[in-house]
Amino acid sequence: QNILKKAVAETVTDKFSSIPIISSSNQYSSHIPIPPPKEKVSVVLINYSRPRMIQESSLMRTLLSHPNVDEVVVLHSNPQTAFKFVHPKVVNIDATKENDEIGLSLRFYFCQLVKNNWVLFLDDDIEFPHQTLSELLIEFSKNTHRIVGRFGRNFNPNSSFNGYSSTPTHKESEVILAKLMVMERNMCGEFFNHAHLVWEDQVLNLGEGPLWYGDDIVMSLIINQIYGGSQINYAMDWLDVWSAPDELRDYTNLKVDVMGKRKGFRPWDWIWWQSIFRRNRKYSYMGRLWKVAKERLNDFYASHDV
């Protein structure tokens, strides 16, 4: 009997020896993949100065092949770079007139016209895998009364830029940047219901950069007010997102981006110093816009007893 037991034990051991043991170091044990929600998503993407980013980077391939994305609205806001992206899921819109009138906030204007309740906003110069978008949508599905995105910011009163801080935030955040974020379609109209609070003196008269630069800051603050919190938005700073290849930029000087930044440390280069000055002016403008918008939103809701 002892010999028989030993033979059976050896047979069982041999049978299971080829099955990998799941341990904390095994690459498959980090988490069990959760399927994305069933909700379909509309994507709003602005094409202004970098059409090759949309045409040649992996961004559109990722979006159009993701099971949750069934509409991508490309807003062509510059007639010099406009083109037609041919695909059944893509809607090309000539947004030149709207860009002249309301600048970057045209994304929230056209957001009201998309067909799905969930709307993804993103810049054209980033890339990411399917899993990133799936994780973003899964998190958003837990609570849709907020903005969820990759890049978050909090106001810092000690910042030398009127309170604006470029330090990324983790999880609960006051502001989510439109570089990659998802929100409800019905909130887009709220942007224009509140825009008058800062439009003339802050945006039109004191604005830096493109018209309505900082619209995502104002949008996040409005969401905070409507849903009753100061940091109800959510930044997933761990998501896998990277910059698209520089060679796809169509700038005369491809080193300078919308923030005025010039890559690298080049103190001997006057253009580098100019880019630093431009960036600092925009940071200061965003800090001032943030502070004023928050104060006026608080006063508006207090006076209307909302």
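Reply: Start with two terms. A nonpolar core is a set of buried Ala, Val, Leu, Ile, Met, Phe, Trp, Tyr and Cys residues joined through side-chain atoms within 4.5 Å. Buried means under 20% relative accessible area, exposed over 50%, and partly exposed in between, with a 1.4 Å probe and protein chains only. This is a predicted model: local features need pLDDT of at least 70, side-chain atom pairs count only at pLDDT 80 or more, and totals for chains, interfaces and linings use all residues. Residues are numbered from 1 along each chain as its sequence is written, and side-chain values use heavy atoms, with hydrogens and water left out.

Me: Which residues have the most contacts inside the largest nonpolar core?

Reply: They are Met60, Leu63, Leu120 and Leu122, in a core of 79 residues. Helix α10 (residues 270–303) gives the largest share of this core, nine residues. Helices (H or I, at least four residues) and strands (E, at least two) are DSSP runs, numbered from the N terminus.

Me: What is Met60 in contact with, leaving aside its neighbours within four places in sequence?

Reply: Contact means heavy atoms within 4.5 Å. By that rule Met60 touches Leu45, Ile54, Val72, Val74, Phe85 and Val90.

Me: Why is strand β4 called mostly covered?

Reply: Five of the five residues in β4 (residues 118–122) are buried. Trp118, Leu120 and Leu122 lie on one side, Val119 and Phe121 on the other, and all are buried. In a regular strand the side chains alternate between the two faces of the sheet.

Me: What makes β1 and β4 a pair?

Reply: Two strands pair if DSSP finds at least two bridges between them. Strand β1 (residues 41–47) and β4 have five bridges, in the parallel sense, so they pair. One of the bridges puts Val41 with Trp118. On β4 there are also five bridges to strand β10 (residues 180–184), which runs antiparallel to β4. There, Leu120 stands opposite Val182.

Me: How do you know that Cys111 and Cys188 form a disulfide?

Reply: A disulfide is a pair of cysteine sulfur atoms within 2.5 Å. The S to S distance for Cys111 and Cys188 is 1.8 Å, so the pair qualifies. Cys111 lies in helix α5 (residues 106–111) and Cys188 in helix α7 (residues 188–194), so the bond ties together parts that are 77 residues apart in sequence. Both cysteines, Cys111 and Cys188, are buried.

Me: Why is the disulfide of Cys111 and Cys188 called right-handed?

Reply: The torsion about the S-S bond of Cys111 and Cys188 is about 70 degrees, so the disulfide is right-handed.
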